[in-house]
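Please look through the structure below with the text beside it.

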Amino acid sequence: MIDVYSWATPNGHKVHIMLEECGLPYRAHPVNIGAGDQFKPEFLAISPNNKIPAIIDSDGPDGQPMSLFESGAILLYLAGKTGRFMPDTVRGRYEMLEWLMFQMGGVGPMLGQAHHFRIYAPEKLPYAIDRYTNEAKRLYGVMDKRLAKSKYIAGPEYTIADIAIFPWLRSWKNQGIDWADYPHLKGWFDEIAARPAVQRGVEVLANLRKPLVDSQAREVLFGAQQYQRR
């Protein structure tokens, strides 16, 4: 049994989707990041960076429980555990890894910033909005060009690179994106969205998440509490 400590965000959904795709038994434990659950000592014990998701696998590599944080590391672990969604060849594996790193270093952080400054920032700063919206469009363009010649993001097979990227594109409208500009990426997006495991994965904990209108939740997520040493 895998215990996943998570919330209904793109990084959380990566792991939810992977667990569903692999058919692994799991329990989802909500970590309400708007209420500050991510700062509780019991969560910090398995995720010292106070970010979701984190997992505890009761059947780790040596038969003992193992905990992991960081969504990319968790995807790699689950792919290794099950032998699924990772190419068999050395070349294919590194091609998959470069696109997984592209998501972790670019797609996630930059689209997150676009989302923040366009939607959540208390002050609408044109420079920040333009900077991150333009970077979002650039990244969408990189992926669209790739998918013009590749069935999936890392090659001919569906891999954890696709699983990692897909949840971040579900908020395309809030990122200032017009799908008409990215037809190859849109076709890929629709295909991934239609997968039954993906549809189940994005519903995990989704009923618990509420729109961010509470000032206290905003302070927890974006205020001084976020930066305290723990």
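Axes are lines fitted to C-alpha atoms, for helices over the stretch in contact, and angles run from 0 to 180 degrees between N-to-C directions. Helices (H or I, at least four residues) and strands (E, at least two) are DSSP runs numbered from the N terminus. The model is predicted, so local features need pLDDT of at least 70 and side-chain atom pairs count only at pLDDT 80 or more, while totals for chains, interfaces and linings use all residues. Residues are numbered from 1 along each chain as its sequence is written, and side-chain values use heavy atoms, with hydrogens and water left out.

Helix H5 (residues 126-147) packs against helix H7 (residues 183-193) at an angle of about 80 degrees, and their axes are 7 Å apart. H5 and H7 are therefore roughly perpendicular, a term for angles of 65 to 115 degrees. On the H5 side the contact (heavy atoms within 4.5 Å) is made by Tyr140, Met143, Asp144 and Leu147, and on the H7 side by Pro183, His184, Leu185 and Trp188. By class, these are 6 nonpolar, 1 polar and 1 charged residues; Ala, Val, Leu, Ile, Met, Phe, Trp, Tyr, Cys and Pro count as nonpolar, Asp, Glu, Lys and Arg as charged, and the others, Gly among them, as polar.

Asn134 also lies in helix H5. Asn134 counts as partly exposed because its relative accessibility is 46%; buried means under 20% relative accessible area, exposed over 50%, and partly exposed in between (1.4 Å probe, protein chains only).

Helix H3 (residues 71-82) has 12 residues, which at 1.5 Å a residue should span 16 Å, and its end C-alpha atoms are 16 Å apart, in agreement. The expected span is 1.5 Å times one less than the number of residues. Its buried residues are Ser71, Gly72, Ile74, Leu75, Tyr77, Leu78 and Ala79. Among the elements that cover them are strand E1 (2-6), helix H1 (10-22) and helix H4 (90-120). Just after H3, Gly83 takes a positive phi of about 70 degrees.

What aromatic pairs does the whole structure hold? A search finds 9, where rings of Phe, Tyr and Trp (its six-membered ring) pair if their centres lie within 6.5 Å, and planes under 30 degrees apart count as stacked, over 60 as edge-to-face and the rest as tilted. The ring centres of Trp99 and Phe102 are 5.0 Å apart with planes at 75 degrees, so this pair is edge-to-face. Trp99 and Phe102 lie in helix H4, 3 residues apart, about one turn of the helix, and both are buried. Tyr140, Phe166, Trp172, Trp179, Tyr182 and Phe189 form one aromatic cluster.

Methods. Angles under 35 degrees count as roughly parallel, over 145 as roughly antiparallel, 65 to 115 as roughly perpendicular and the rest as oblique.
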